[in-house]
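Good morning, and thank you for coming. Please look at the sequence and the model while I speak.

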Amino acid sequence: MPNTQTTARARQPAVDLSTCDREPIHIPGSIQPHGILLVLAEPDLVVDQVSANTESYFGRPADAVLGRPLVELLGPAETGRIAAVVRSAELEGQPLYAATVTADGAGPFEAVVHRRHGVLMLELEPAATGEPVNFHDLYPLVRTFVGALPSTSSVEELARLAAEEVRRITGFDRVLVYRFDEDWHGQVVAESRSAAYPSLLDHWFPASDIPHQARELYRLNRWRLIPDAAYRPVPLVPERHPVTGAAADLTHAALRSVSPVHLEYLHNMGVSASMSISVVRGGRLWGLIACHHATPRRLPFAVRTACDFLGQTLALQLSAQANTADYEHRMRLKAIQARLLASMAEEEPFVQGLARHPADLLAFGRATGVAVLFEGECTLVGETPPEPVVQRIVDWLVEEGRHDVFHTDCLPTLLPDAESFRETASGLLAISLSTRHRSFVLWFRPEVLRTIRWGGDPAKPAAAEGGRLHPRTSFETWRQTVSGRSVAWWPSEIDGASDLRQAIVEVVLRKAEELAELSAELARSNRELEAFSYSVSHDLRAPFRHIVGYAELLRERLEASRDPSAHRYIGTIVESAHFAGTLVDNLLSFSQIGRTALNVSRVNMNRLVSEVRSDVMQEAAGRLVEWRVAELPEVDADLALLRQAVHNLLANAVKYTRGRTPARIEVWSEVGEREAVFTVRDNGVGFEMQYVDKLFGVFQRLHRMEDFEGTGIGLANVRRIVARHGGRTWATGAVDAGASFYFSLPLRHQATEAP
C-alpha cells in the first residue's frame, strides 16, 4: 500500500540540500569513458588537454598526445575537415557534428566540436557500423511526430505523443515527459514504457531531485546521454588548462561526467542507461524528456540530434498553444473590462457599476466571489467571506503596503487568521483604487483540496554519511493531501487586473477633474441665475403689473366709449401683459428646479395621478374625457416636483385633445429590473415625429398659439424634473393620431444635477 501524508497549506516540503546545490557539476574534471575529449589551442589545433583514455582508442598515452598538433593524431585530411567546420561555424553553445573521421588503426569516430568561453573542444565517439550517421536518415522517424502535431489540443496529448516517438526512435525501455511547476517540482505528465518498468504517470518529484545548477545545465545543453551508469570517470590531463589555469568548463560537452549522486540516484531507480532531452520554452526550462533503460545503451549523435529536434519542436508547439490560449484569454478579459467600464460610466457612484454585472465581474478573475470597497461602502458578489472579514483583509493589505496589484493562491500562509475562511478565500487577487482611501476590488477563490502522488517520500530525498551526500533509495508512491490553496492565478489574469486598475484610476482622476470643473462652472452659473432671478422678480414683474394696472384704469375711463377698437386694444394689452407675467413666472420656476434640493419620499403614484386629474378637469369643466388609469407602482421622488411634472403631462393631454369627442387619455406603467416607465397617451392632435427633438426644449412649440395656449416651457420642466431624479423622457406621436409621452424613474433613487 502506498504511504500517505496530510500537509496543510504546503504543496511541497522544503528540504535543505545546499551541499548538492553547490556541487560544481559543470567542471567535473572528468568525462565518461565512451569517447575521447581534446581541448585544442587555435588556430593550429594543438592539444592543450586530453582525456586519459587515449591509449584505449589510439594506442598512445595522454602524455604522448599533449602539446602535439591534432594532425599527428588524425592525419591531414581528417584534421582539415574538422578545421573547416571550426573556421566556418559559430560553435559557442550547442555541440556541432563535424564529420565521421578515422585515424591510423582507429575509428571511425563521430567528431563533435564546440566552444565554451572561447575554449575549443573536440569530442570523438566511436561510430557503430550500420547506425544512422546524419539527421536525414532519421527524418522519416520524426516526420510522424511533426505530422501529428496539428491534431493535438492539450499539453498532455503533446507530451504523450513526444514520449511515444522518442521511445520508438531510441529504443529505451521507458520515456517520461517531466514538467516543472513554478517551484521547480516536477510532474510526470506522459510516459511510454515497457511492462518491466512501473508507471510513474502523474507522479511528482521534489525540486531537490534536480538541483538549481543541474537545471541550468539542462537549459544550456539540451541533451545529455549516460550510456552506462556504472562507468568509471576518465580524468582530464592535465587537470587544469595550461594557459588559463582554470578547470575545463564541460557545460556543453556530450561526454561530461555527471555527479556521483545522480549515478547513485539512477542505480536506486534500477536504471543502467539514461538520456535526457531538455524542453526549453521562452528561454526557461519547461521540462525534460527523460529516457531510462535497464541495460547499458549508447546512441549515435544523429539519433540524439533527432531527439533534440523533437524536443525543440515540442517546445515550439507548447509555446504556440500557450500563446494562443493566453491571447484568447486576454481578449476575453479586454471585452469584459470594456463592459465593466461602460457600466461604471452609467452609475453613480461609478465604481458601484462594477457590481451591476456580477457575472462579468466574477468571470474576469475566474473567481467565485468579489468584494468592491469604495467610499466606505462594501458590495459583496458571489461566495465571499463576511463583510467584517473582508474589511480585515483590506486592513492587512493596507498595513502590508500591498498597493497596486496583489495576488496569492495560499492566503492562509500569509494571513494567519485566514485559515478560518479558506473554504471561500484561499486565493486572493486584489487591486487598490487609491493610495489615500481604502478603495479595493478583491477577487476570491476557494480552497481546492489536492492529493499529490510523489515518487517516494519527498521529506527524505537524501541522506549524508561520512560527509558524502546520498540520494533517497525508495521511489514507492507517497500520497500527500494539500489544503489551504486555490487554483493559481494566470499571468493574463494578473495583467488584466492591473489594466483594469489603471483604467479605473484614470476614470477616478478624470471624474475628479470633471467634478472640479463642473463645481466651478455651477458656482458661476448659480451666481448668474441668482442675479437673473432677482432681475426677473424685481425688474420685469413690476412693469408687467403696472401695464395691467394702467390698462384696467384706461378701460374704466373708456367704459362709456362706443369705439370697439379701443376696447379691443386695451384687452390685447391686458392679455399680453398677463401672458408675459405668466412666462416670467414659468421661467423663474424652471431655473429654480435645478437649484432646489430634492426632498425624496415614497410617492403613491395612483393617489398623485388621481389628485392631479381632478385639478386638471376643473379647468376643463363640461368636456367629455375618458380616463383609463392602470394600477401604478410607488416610487422614490420629490413629491412637489413630481406633481408638477405629472400636472404638465396630464394638462397637455387634456389641452391637445380639445375637439375630440370623446377625448381619451390613458396612464399606465411598466416596471423593469432597474426602472419604472410611465406612459401618458392621448388621442389628440399629435405631432410629426421629425420634430420630436424640439418637444422638450424651452420655448419650443409645435402648434400655433392661436390654436393651443401655453408658454412652451411645460415639457422642458418635465424633462428637467425627471432628470433630477435620474430618469429619462421621450415621446412618440403622429399628426391627428394622438401622442404618447414617457418618463422613467429609477427603482433605487439617484439624484443628479439638472442638465
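I shall begin with the whole chain and then turn to a few of its parts.

Please keep in mind that this is a predicted model. The chain has 755 residues, and 47% of them count as buried. Its secondary structure consists of 19 helices and 30 strands. How much of the accessible surface belongs to carbon and sulfur atoms? The answer is 53%, out of an accessible surface of about 36100 Å². Consider next the contacts between residues at least 6 apart in sequence: 67% of these join residues at least 24 apart.

Let us now turn to strand β3, which covers residues 36-41. Five of its six residues are buried, and the strand is thus described as mostly covered. Which strands pair with β3? One partner is β7, residues 119-126, with five bridges in the antiparallel sense. Within this pair, Ile-36 stands opposite Leu-124 of β7. The other partner I wish to mention is β4, residues 46-51, which pairs with β3 over four bridges, also in the antiparallel sense. Here Leu-40 has Val-47 of β4 opposite it. β3 and β4 form a hairpin, and four residues lie between them. In that turn, Leu-45 has a positive phi of about 55 degrees.

As background to strands, in a regular strand the side chains alternate between the two faces of the sheet.

In the loop between β2 and β3 we find His-34. Is His-34 buried or exposed? His-34 counts as buried because its relative accessibility is 13%, and the cut-off for buried is under 20%. Leaving aside neighbours within four places in sequence, the contacts of His-34 include Tyr-57, Glu-125 and Pro-126. Pro-227, Leu-255 and Arg-298 are also in contact with His-34.

Strand β8, residues 174-180, runs antiparallel to β9, and seven bridges join the two. Across this pair, Leu-176 has Glu-191 in β9 as its bridge partner. The hairpin of β8 and β9 has five residues between the strands, and in this hairpin Trp-184 takes a positive phi near 70 degrees. β9 is also joined by two bridges to β10, residues 203-205, again in an antiparallel arrangement. There, Gly-186 stands opposite Phe-205 of β10.

At the start of α9, a side-chain oxygen of Ser-259 comes to within 3.1 Å of the backbone nitrogen of Val-261. Just after the helix, Gly-270 takes a positive phi of about 80 degrees.

My last topic is the empty space inside the protein. Rolling a probe the size of a water molecule over the atoms shows where empty space is left. How many cavities of 30 Å³ or more does the structure hold? There are six. The second largest cavity has a volume of about 60 Å³. Among the residues that line this cavity are Met-605, Val-609, Leu-632, Val-646, Phe-678 and Phe-743. The elements that give two or more residues to this lining are α17, α18 and β28. Which of the elements gives the largest share of the lining? It is α18, with three residues.

Thank you for your attention.

Terms used. Residues numbered from 1 in each chain as written. Heavy atoms only, no water. Buried < 20%, exposed > 50% of the residue type's maximum accessible area, 1.4 Å probe, protein only. Pairing = 2+ DSSP bridges. Contact = heavy atoms within 4.5 Å. Polar contact = N/O pair within 3.5 Å; in protein donor to acceptor, adjacent residues only side chain to side chain. Areas by Shrake-Rupley, 256 points an atom, 1.4 Å probe, with all protein chains shown as cover. 1 Å grid on protein atoms, 1.4 Å probe; cavity = no way out; pocket = protein on both sides within 12 Å on 5 of 7 lines; lining within 4 Å. Points joined across faces, edges and corners; volume = space filled by probe spheres on them.
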